[in-house]
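This report describes one protein chain. Please examine the sequence and the structure shown here before reading on.

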Amino acid sequence: MKSWPAPVVPEVEGRAPQLRLYDSADRQIRPVGAGETATMYVCGITPYDATHLGHAATYLAFDLVYRIWLDGGHRVHYVQNVTDVDDPLFERAQRDGIDWRELAERETQLFREDMAALRVLPPHDYVAATDAIAEVIELVEKMLASGAAYVVDDPQYPDVYFRADATRQFGYESGYDRDTMLALFAERGGDPDRPGKSDELDALMWRAARPGEPSWPSPFGTGRPGWHVECSAIALSRIGTGLDIQGGGSDLIFPHHEFSAAHAESVTGERRFARHYVHAGMIGWDGHKMSKSRGNLVLVSALRADGVDPSAIRLGLFAGHYRSDRYWSDAVLAEANQRLHRWRTAAALPAGPDATDVIARVRRYLADDLDTPKALAALDGWTTDALEYGGHDAQAPRTVAAVVDALLGVEL
């Protein structure tokens, strides 16, 4: 599946410090011990609607990770999926009277355009669930053979389920108690009341064919993949074991990331699917949770159509820390536009103050759990000095512009 064009990332003299990130499983910030090639799997969209700022904030956070790794001298193997076979997609397609495949391709293409406009570095492997059916079937077969999965006793719909107790460490990633797990499981796509399951928390791995739904043949019956196993299969087949980062929005911690990790661990025998579990906060609109039901989704494509500079969108989202739940508003956008204008004015000066210190601080702040508010403040300070007091370093404005481009993805 094609990705989107990669922006040019300037090379900047020097090296970033070792990246440190908050790990959701360990509940602390610790170093990311990536090797020469750093590996990252980030869950992609279910393409039934356009990209909103919540999506953008998540992918921008991991774009920063990618850029810091590059600045640190790593190669990066980044994988992202597209869940192009799932209930929300079918429901939207039926509502709009459109084929689900056509809807998925349309919204995926819009997502590509939004990511390209935001100058997000594309994944090395961009994989649709429908292109990974063989890998899913192979993984489910292994789990059935080991006893980690079972087929429910239902002659009409013999679905395959994963046993939540198949790994002794299940629950380590989220740290939630059983009551919290059950509540989130029911809220986020689980089916705790499905008759025939061994445990309410057991997760669907293969949904037996239903009328009107797409399906594929398998040794355990015609059907389609469950949500969590899709990501396990794609990550294992494209990257393998020893994943440096599994990432996504904080709403994926449970059940999605907990189960996708457990699926992989039950097959590989490893204690942890990923060395780091990294999650971005949620974005609200003007003091309220952003949701389709409220009708207050802020779409990236709509902002672009209104002439909003994508660099201002990046700066507006970077004004808050990636892990924090925060709000977008007209005031946030106005502040981002003002900041972008000042930075561009300073970058266009014939000379400016020495940039050695500000570059070092930006690198240090970003490597410390992606502290964009501090990085932006440091650049604001250099900009104020440049605009108010000038400087004698003819290279400084261009060097700062290159650093801002390389590390923050903001074009000056």
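## Sheet and domains

Helix 7 (residues 253-268) lies across strand 7 and strand 8 (203-208), and runs at about 90° to strand 7. Helices (H or I, at least four residues) and strands (E, at least two) are DSSP runs, numbered from the N terminus. Axes are lines fitted to C-alpha atoms, for helices over the stretch in contact (heavy atoms within 4.5 Å), and angles run from 0 to 180 degrees between N-to-C directions.

The model is predicted: local features need pLDDT of at least 70, side-chain atom pairs count only at pLDDT 80 or more, and totals for chains, interfaces and linings use all residues. Residues are numbered from 1 along each chain as its sequence is written, and side-chain values use heavy atoms, with hydrogens and water left out.

An open sheet of four strands has the order 6-7-8-9, with antiparallel pairing; two strands pair if DSSP finds at least two bridges between them. Its edge strands, strand 6 (149-151) and strand 9 (223-225), each pair on one side only. Strand 6 and strand 7 (residues 160-162) are joined over three bridges, with alanine 149 opposite phenylalanine 162.

An automatic or database domain assignment gives domain 1 (20-285) and domain 2 (330-408).

| Feature between domain 1 and domain 2 | Value |
|---|---|
| Distance of C-alpha centres | 37 Å |
| Salt bridges (side-chain nitrogen of Lys or Arg within 4 Å of a carboxyl oxygen of Asp or Glu) | three |
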